[in-house]
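Subject: The structure we talked about

Hi,

Here is the structure I promised you. Have a look at it first, and then read on for what I found in it.

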Amino acid sequence: MPEETSAPLPRLAEYPIDHEFIERWSPRALTGQDIPQEDLMALFEAARWAPSNGNSQPWRFLYARRTQPAWPLFRDLLDEGNHRWADKASALIVVVSAQKNEKTGKPLETASYDTGAAWMSLALQGHLKGLAVHGMAGFDHEKARRDLRVPDGHRVEAMAAVGYPDSPDVLPEDLRKRERPKERHRLDQFVFQGGWPEHC
Ligand SMILES: Cc1cc2nc3c(=O)[nH]c(=O)nc-3n(C[C@H](O)[C@H](O)[C@H](O)COP(=O)(O)O)c2cc1C
């Protein structure tokens with residue numbers, strides 16, 4: 001796959017699926033404009049309906065829009081690599097999972113798994129609304145826990161930048177070259193009929 005071009009490469013499905021799955025991707029070129037509150041809330045609404053173990057709904061989303069007082073708190077969590085482009089996000093989200101059942105105190109073994117499902121609903125809804133939604137692990141998890149008052153028994157999972165897509169020209173050259181949808185493994189590299197393959 002050529003690295004020196006930002007020309008979009010075709011993503012090809014091996015089997016017919018809804019095109020939205022293939023067309024969702026993680027852009028970095030963002031306009032820096034504010035997002036209306038109700039448009040952002042629609043993303044959390046989509047996440048709300050994700051399935052979870054025992055309907056435990058362990059996902060928690062902390063957020064700041066760029067026009068809100070908490071914005072610098074969220075922005076300052078990002079590592080340098082993400083600062084370079086995510087400063088132009090319209091909203092930053094910290095995704096947290098509750099690792100224990102609120103009522104019984106018992107561990108929620110699939111809390112991260114369930115929260116991942118909710119994050120994907122959020123990302124796909126954003127894509128369907130024409131927004132860029134870009135997941136991030138490159139941030140200070142401990143600072144997020146401290147500065148955003150995340151209680152014990154909760155895991156800081158990831159962050160996400162939500163914004164309006166812009167031209168790749170707004171990006172520094174190195175990021176501009178990488179600004180395109182990525183390929184994926186072939187199905188036969190991760191789907192195994194009947195058990196784990198013997199020679200893998
Ligand atoms: C949990 C998670 C963490 C990620 N962390 C970062 C990050 O810190 N910085 C970044 O630029 N992209 C990050 N990404 C974006 C991935 O690199 C991207 O989703 C992956 O390369 C697939 O590309 P696509 O989403 O465009 O299909 C992250 C994605 C996820 C889901």
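Let me start with Asp79, which sits in the loop between H3 and H4. Keep in mind throughout that this is a predicted model. Asp79 counts as partly exposed, because its relative accessibility of 34% falls between the 20% and 50% limits. A polar atom of the Asp79 side chain lies 3.0 Å from the backbone nitrogen of Asn82. Leaving out residues up to four places away in sequence, Asp79 touches Gly138 and Phe139. Along the chain, Asp79 and Asp140 are 61 residues apart, yet their C-alpha atoms are separated by 7.0 Å.

Leu78 is in that loop too, between helix H3 (71-75) and H4. Is Leu78 buried or exposed? Leu78 is buried, because its relative accessible area is 6% and the limit is 20%. For Leu78 and Gly138, the C-alpha to C-alpha distance is 6.3 Å, although 60 residues separate them in sequence.

His83 is found in helix H4 and counts as buried at 16% relative accessibility. What does the side chain of His83 make a polar contact with? That partner is the side chain of Asp87, at 2.8 Å. A polar atom of the His83 side chain also lies 3.4 Å from the backbone oxygen of Arg75. Not counting residues up to four places away in sequence, His83 touches Arg75, Asp76 and Leu78.

Now the ligand. There are 14 residues around it, and the ones that come nearest are Arg11, Ser26, Arg28, His134 and Ala137.

- His134: a polar side-chain atom lies 2.8 Å from a nitrogen atom of the ligand.
- Gly135: a backbone N or O atom lies 2.9 Å from a nitrogen atom of the ligand.
- Lys182: a polar side-chain atom lies 3.2 Å from an oxygen atom of the ligand.

How much of the ligand does the protein bury? Taken alone, the ligand exposes 620 Å², and the protein buries 68% of that. Two elements give two or more residues to the shell around the ligand, namely helix H4 (80-86) and strand E3 (132-136). The largest share, three residues, comes from E3. By type, the shell divides into four nonpolar, five polar and five charged residues.

Elsewhere, have a look at Ser97 in strand E2 (residues 91-98). Ser97 is buried, with a relative accessible area of 0%. The side chain of Ser97 makes a polar contact with the side chain of Gln99, at 2.7 Å. If you skip residues up to four places away in sequence, Ser97 touches Pro58, Ala111, Ser112, Thr115, Gly153, His154, Arg155 and Glu157.

Which loop holds Asn55? Asn55 lies in the loop between helix H2 (37-48) and strand E1 (59-65), and it has a positive phi of about 55° although it is not a glycine. Gln57 lies in the loop between H2 and E1 as well. Gln57 has a positive phi of about 50°, again without being a glycine. At 33% relative accessibility, Gln57 counts as partly exposed.

Finally, a word on confidence. The mean pLDDT of the protein is 94, and 95% of its residues reach 70 or more. Among the elements, helix H1 (residues 19-23) has the lowest mean pLDDT, at 95, while E2 has the highest, at 99. Residues 1-6 have a pLDDT below 50, and this stretch has 14 contacts in the model beyond near neighbours in sequence. Where pLDDT is low, the predicted coordinates should not be read in detail.

Cheers

Technical notes: Residues are numbered from 1 along each chain as its sequence is written. This is a predicted model: local features need pLDDT of at least 70, side-chain atom pairs count only at pLDDT 80 or more; totals for chains, interfaces and linings use all residues. Side-chain values use heavy atoms; hydrogens and water are left out. Helices (H or I, at least four residues) and strands (E, at least two) are DSSP runs, numbered from the N terminus. Buried means under 20% relative accessible area, exposed over 50%, partly exposed in between (1.4 Å probe, protein chains only). A polar contact is a pair of N or O atoms within 3.5 Å; within protein, one must be able to donate a hydrogen and the other to accept it, and residues adjacent in sequence count only if both atoms are side-chain atoms. Contact means heavy atoms within 4.5 Å. A residue is near a molecule or strand if one of its heavy atoms lies within 4 Å of it. Accessible areas come from the Shrake-Rupley method with a 1.4 Å probe; for residues, only the protein chains shown count as cover. Ala, Val, Leu, Ile, Met, Phe, Trp, Tyr, Cys and Pro count as nonpolar, Asp, Glu, Lys and Arg as charged, and the others, Gly among them, as polar. pLDDT is the predictor's confidence in each residue, from 0 to 100.
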